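This briefing reviews selected structural features of one protein chain for computational work. Please consult the sequence and the coordinates alongside the points below.

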Amino acid sequence: MSDAIGSDGEFDVTRVREDFPLLARQVHGKSLVYFDSANTSQKPRAVIDAVDRYYRHFNANVSRAVHTLGEESTAAYEGARDKLAKFINASSRDEIVLTSGTTQATNLVAYSYALPRLKAGDEILVTTMEHHANIVPWQLVCERAGAKLKVAPITERGELIVEKFIEALTPSVKLAAVTHVSNVLGTINPVAELARATRKRGIPLLVDGSQAMPHLPVDVKALGCDFYALTGHKLFGPTGTGALWARKEWLRDMPPFLGGGEMIRTVSFDGTTFAEPPHRFEAGTPNIAGFVGLSAALDYIDALGHARFGAYEASLLEHLTEALRAVPGLRIFGEAAHKVPVVSFLVDGAHAHDLATLLDHEGIAVRSGHHCAHPLMQFFGVPATLRASLAFYNTHEEIDRFVAALVKVRRLLA
């Protein structure tokens with residue numbers, strides 16, 4: 001990694017950008033402005049090199065061989081578990097189940113924890129601002145068990161109405177699930193406060209940390225939740241990586257979600273005994289190279305430091321929000337007091353997809369659509385929005401170029 005911290009201790013975005021090869025490419029003859037990190041983040045050279053090094057030097061399956069390559073591969077894969085445990089301040093590496101991402105992690109809890117416990121009339125509580133990955137798995141298990149999904153409301157500013165969430169924690173609620181940071185609104189939810197309320201009532205709380213992990217330091221002990229799901233590809237690591245953190249007492253009582261190799265202790269035609277958690281939940285050959293890359297991504301973020309890049313991202317959010325507010329006919333969705341640099345908006349008289357297509361021809365990548373949050377779009381009464389989602393590798397100059405391009409393409413549609 002290049003020296004991203006200047007001699008005065010300040011965050012140096014110019015040096016950071018040198019670590020991300022893709023940011024140097026051109027699109028339609030123009031230098032790329034990548035404002036779609038909430039969709040997937042770009043990867044630093046350290047991550048790309050780590051994946052390349054794995055395939056070139058010690059590619060082998062994990063936990064299945066005593067030869068050198070197998071031992072090296074296993075050590076690297078299990079090393080990612082150790083780093084994730086430290087990164088989120090887990091009590092033990094055995095609380096970390098390595099998954100393909102947040103979606104698999106949430107489904108694991110839905111089918112291995114919730115479904116065996118749910119009965120007719122029970123409820124699972126979610127919020128209006130959830131991603132589909134934190135809605136659909138609960139709907140599926142509720143349907144099978146005869147249970148119901150309950151939804152806590154939000155304000156027009158895109159903030160969870162905390163007292164309504166707490167009021168909804170009735171005895172029929174057997175699990176609550178909430179996003180740490182909204183992928184559409186950028187809203188940071190008060191997870192520690194919610195966890196205190198659920199814990200007081202004996203209701204487990206799952207937190208979707210997909211959008212929080214790239215921006216915030218996460219301490220699962222301090223948060224006080226029961227399950228925390230995360231995705232590697234938004235965390236500057238490879239696609240197909242992620243994890244579920246869960247309290248040991250829950251993992252010990254959860255049956256396997258998938259069956260196959262590596263998650264067993266013994267197998268016979270008369271029956272099977274299963275490995276202890278977390279390996280009980282990791283059937284089959286995992287994305288070994290991906291976790292080698294994710295391990296490198298965690299090292300990279302640690303070296304940058306959340307405090308330094310967090311302050312810089314806050315300045316980006318302030319600049320972007322003020323610049324967009326100055327655009328005539330533009331409506332921002334979600335203006336919570338506590339946000340990460342994610343801004344969704346619409347411009348009067350212009351469809352989100354048309355604007356996104358025209359912006360692409362200006363070299364600017366933004367997301368248009370429902371952002372896997374149909375219920376949230378319905379709450380705001382719109383079919384889609386444009387979303388600009390930034391990371392610490394973006395610049396203030398890119399914001400100015402983006403807003404100027406937005407004004408330009410808006411005129412083309414007028």
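**The antiparallel sheet**

In strand β17, Arg-387 is the residue that stands opposite Ser-344. The model is predicted. The points that follow are grouped by topic, beginning with the sheet to which this pair belongs.

- Strands β14 (residues 342-347) and β17 (residues 385-389) run antiparallel and are joined by four bridges.
- The open sheet has four strands in the order β13-β14-β17-β16, and its pairing is antiparallel.
- Helix α14 (residues 396-413) lies across β13, β14 and β17, and runs at about 20° to β14.

- Strand β8 (residues 205-208) runs parallel to strand β9 (residues 227-231), and three bridges join the two.
- Phe-227 in β9 is the bridge partner of Leu-206.

**A buried loop residue, Asn-134**

- Asn-134 is located in the loop between β5 (123-127) and α5 (136-145).
- With a relative accessibility of 0%, Asn-134 counts as buried.
- Apart from neighbours within four places in sequence, Asn-134 is in contact with Thr-106, Val-126, Ala-177, Val-178, Thr-179, Leu-206 and Asp-208.
- One of these contacts, Leu-206, is also the residue whose bridge partner in β9 is Phe-227.

- Helices α2 (residues 45-57) and α10 (residues 288-304) pack at an angle of about 145°, and their axes are 8 Å apart.
- The crossing of α2 and α10 is right-handed.
- On the α2 side, the contact is made by Ala-46, Val-47, Ala-50, Val-51, Tyr-54 and Tyr-55; on the α10 side, by Ile-288, Ala-289, Val-292, Gly-293, Ala-296 and Ala-297.
- The residues of this contact comprise eleven nonpolar, one polar and no charged.
- Helix α11 (residues 306-325) contains 20 residues and reaches 28 Å from its first C-alpha to its last, close to the 28 Å expected at 1.5 Å a residue.
- Buried residues of α11 include His-306, Phe-309, Tyr-312, Glu-313, Leu-316 and Leu-317. Leu-320, Thr-321, Ala-323 and Leu-324 of α11 are buried as well.

- Ala-85 has its place in helix α3 (residues 68-87).
- Ala-85 counts as buried because its relative accessibility, 6%, is under 20%.
- Leaving aside neighbours within four places in sequence, Ala-85 is in contact with Ala-90, Ser-92, Arg-93 and Ile-96.
- The C-alpha atoms of Ala-85 and Glu-95 are separated by 7.7 Å, the two residues being ten apart along the chain.
- Asn-89 is found in the loop between α3 and β4, and has a phi near 60°, a positive value in a residue other than glycine.
- Asn-89 has a relative accessible area of 30% and is therefore partly exposed.

- Strands β11 (residues 264-268) and β12 (residues 271-274) pair in the antiparallel sense over four bridges.
- A hairpin through two residues joins β11 to β12, and Ile-264 stands opposite Phe-274 in β12.
- Pro-277 and Pro-278 are joined by a cis peptide bond with omega of about 10°; Pro-278 is found in the loop between β12 and α10.
- His-371 also has a phi near 60°, a positive value in a residue other than glycine.
- The loop between β16 (367-369) and α13 (374-380) contains His-371, which counts as buried at 0% relative accessibility.

Notes. Residues numbered from 1 in each chain as written. Predicted model: local features only at pLDDT ≥ 70, side-chain atom pairs only at ≥ 80, totals over all residues. Heavy atoms only, no water. Pairing = 2+ DSSP bridges. Axes fitted to C-alpha atoms, helices over the stretch in contact; angles between N-to-C directions. Left-handed = near helix turned anticlockwise from the far one by under 90°. Contact = heavy atoms within 4.5 Å. Nonpolar A, V, L, I, M, F, W, Y, C, P; charged D, E, K, R; others polar. Buried < 20%, exposed > 50% of the residue type's maximum accessible area, 1.4 Å probe, protein only. Expected span 1.5 Å × (residues − 1).
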